Amino acid sequence: MTSKVYTVTDLGPGDGGKGGVVHKLATHKKAHTIIKVGGAQGSHGVLTSRGEHFAFSQWGCGTFEGIRTHLSPLIVVSPIGLQNEALALRYEHGIHDPFSLLTVDERALIATPYHGIASRLKELARGDNPRGTIGTGVGETYRDRQRLPELAIHARDLSRLALRDQLAAVRAQVLLDMGPILQGKFLSTDRDLVAHELDRLKDDEFLNYVVDLFHEISQRAQIVDPEFMGREILSRKGVAVVESSHGILTDRYQGFNPHTSAIRTLPRFTHAMLEEAGYKGQVVNLGVTRAYQIRHGAGPMPTADPAMGEVLLPGSHKHENRWQGQVRVGPLDLSLLRYAIAAAGGPATFDGLAISWFDQIQANGEWHVSHRYRNADDPTYFTPEGELKVRQGEDEEQIAFQEGLGQRLLSCVPEITTHQIDQDATPDQLFELCAGVLNDSLGVPVRMVSLGPTENDKLLR
């Protein structure tokens with residue numbers, strides 16, 4: 001039986017560096033399987049010590065090591081994304097048959113191109129008031145299953161003869177839903193994008209293409225029954241790693257509405273999945289954050305500092321796009337980290353922290369950290385100590401509270417402390433510095449610090 005399962009959770013809004021952390025765990029612990037949860041839009045970058053570089057979405061970040069991937073019932077799968085990723089892995093990285101390393105739970109929800117079109121049109125309709133979206137339709141798919149379960153397509157449906165009718169029904173619903181939205185005004189710079197999306201939505205040839213591709217994926221991917229995880233994966237000796245997309249600050253009910261996903265991102269959902277599969281071994285929970293704050297897209301970020309963009313993102317390795325919007329960076333925000341940890345269940349929920357991109361901090365020679373805010377004095381949303389209040393709920397009142405909390409964050413002013421970094425410090429000394437600053441403040445011990453891009457550059461304690 002699998003003796004240990006590691007879960008990896010982003011403590012921010014995403015972009016925390018989960019890819020490198022998962023790859024390090026998978027190689028160091030010799031994991032037999034990466035179990036994916038969340039959404040198909042994740043872009044988890046991996047650079048191996050052999051020089052391979054790839055942004056994984058639906059294959060796990062241990063793929064270059066020959067480690068298998070299982071797409072769990074808690075992931076939203078994109079068949080078109082699978083096809084594109086498989087082609088890139090084969091022709092750019094020499095993995096002859098990526099699908100031989102992949103299994104898909106038959107209950108996994110399927111994102112269609114029509115959900116992606118709906119997501120992008122809604123974002124375009126917001127004009128200068130963006131919510132921020134990846135634009136692949138993962139959230140739309142998730143919400144539509146709740147709203148219109150009869151239209152939901154699952155992995156088990158991909159081979160069915162009725163698939164074309166199912167996809168046509170999804171398309172018809174999107175056309176219906178888009179009616180009122182298309183009556184609104186769009187930015188003049190977005191009109192060509194709107195026209196392109198509408199042409200694709202109404203194109204019957206595109207529908208035929210989608211049907212054929214979905215059928216092809218059903219033949220190439222090994223779609224398995226609900227008992228497969230417990231019977232074939234968690235029964236194997238060794239270690240498995242659960243790789244999640246998104247981050248806690250985009251959780252539907254704990255993130256800051258409207259800048260959230262439909263996906264639930266708290267570790268307890270992964271725990272419930274493992275328990276349902278009959279797993280009784282040890283679970284080790286790691287929370288991940290960069291050593292500085294980052295947010296790709298709209299949403300509250302009190303420590304955002306435009307002047308630090310080139311310092312923290314030299315060469316702009318994160319690019320702005322129309323869907324997600326601007327990439328913002330700034331000093332590490334311990335108030336938001338404490339909130340994310342509390343929202344997930346408190347410090348006892350996590351066994352350790354993984355801090356990525358500390359090599360950039362070392363290169364800069366200074367580490368800017370915010371321990372608290374000024375103006376965090378609204379008793380509805382902040383504690384007497386100025387900490388963000390955590391409210392539990394899964395209803396409209398909860399969403400309204402989270403929106404209010406996000407609005408209050410916009411007026412918070414971070415108090416910044418600067419730690420000088422000795423350029424001659426050893427890796428162990430850098431680890432101790434990082435742990436010394438964070439352990440007491442967050443209540444969770446630092447267990448990994450990344451001092452470079454590959455698995456050999458990550459210190460694990």
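Analyst: Strands of a sheet pair through backbone hydrogen bonds, either parallel or antiparallel. Here, Thr-9 has Gly-287 in E10 as its bridge partner. Seven bridges join strand E1 (residues 2-10) to E10, and the two run parallel. Two strands pair if DSSP finds at least two bridges between them; strands (E, at least two residues) and helices (H or I, at least four) are DSSP runs, numbered from the N terminus. The model is predicted, so local features need pLDDT of at least 70 and side-chain atom pairs count only at pLDDT 80 or more, while totals for chains, interfaces and linings use all residues. Residues are numbered from 1 along each chain as its sequence is written, and side-chain values use heavy atoms, with hydrogens and water left out.

User: Which strand pairs with E10 over five bridges?

Analyst: That strand is E14 (residues 352-356), and its pairing with E10 is parallel. Arg-290 stands opposite Ser-356 in E14.

User: Why is E10 described as largely enclosed by the rest of the structure?

Analyst: Strand E10 (residues 282-290) is so described because seven of its nine residues are buried. Buried means under 20% relative accessible area, exposed over 50%, and partly exposed in between, with a 1.4 Å probe and protein chains only.

User: How is the packing of two helices read?

Analyst: Two packed helices are described by the angle between their axes and the distance between the axes. Helix H5 (residues 163-182) packs against helix H6 (residues 191-202) at about 150°, with the axes 11 Å apart. This makes H5 roughly antiparallel to H6. Axes are lines fitted to C-alpha atoms, for helices over the stretch in contact, and angles run from 0 to 180 degrees between N-to-C directions. Angles under 35 degrees count as roughly parallel, over 145 as roughly antiparallel, 65 to 115 as roughly perpendicular and the rest as oblique.

User: Which residues of H5 and H6 make the contact?

Analyst: H5 contributes Arg-171, Val-174, Leu-175 and Leu-182, and H6 contributes Val-194, Leu-198, Leu-201 and Lys-202; contact means heavy atoms within 4.5 Å.

User: At what angle do H11 and H14 pack?

Analyst: Helix H11 (residues 334-343) and helix H14 (residues 427-442) pack at about 50°, with axes 10 Å apart. H11 is therefore oblique to H14. Leu-334, Leu-337, Arg-338 and Ile-341 of H11 meet Leu-438, Ser-441 and Leu-442 of H14.

User: Is Leu-438 buried or exposed?

Analyst: Leu-438 lies in helix H14 and is buried, with a relative accessible area of 0%. Not counting residues up to four places away in sequence, Leu-438 touches Leu-332, Leu-334, Ile-355, Trp-367, Gly-443 and Val-446. Leu-438 and Asp-203 are 235 residues apart in sequence and 54 Å apart in space, C-alpha to C-alpha.

User: In what order do the strands of the open sheet stand?

Analyst: The order of this three-stranded sheet is E13-E15-E16, with mixed pairing. Strand E13 (332-333) and strand E16 (413-420) are at the edges, each with a single partner strand, so one side of each is left without a neighbour in the sheet. Strand E15 (residues 366-374) pairs with E16 in the antiparallel sense over eight bridges, and Trp-367 stands opposite His-419 in E16. H14 packs on the sheet, where it touches E13, E15 and E16, and its direction makes about 10° with that of E15.
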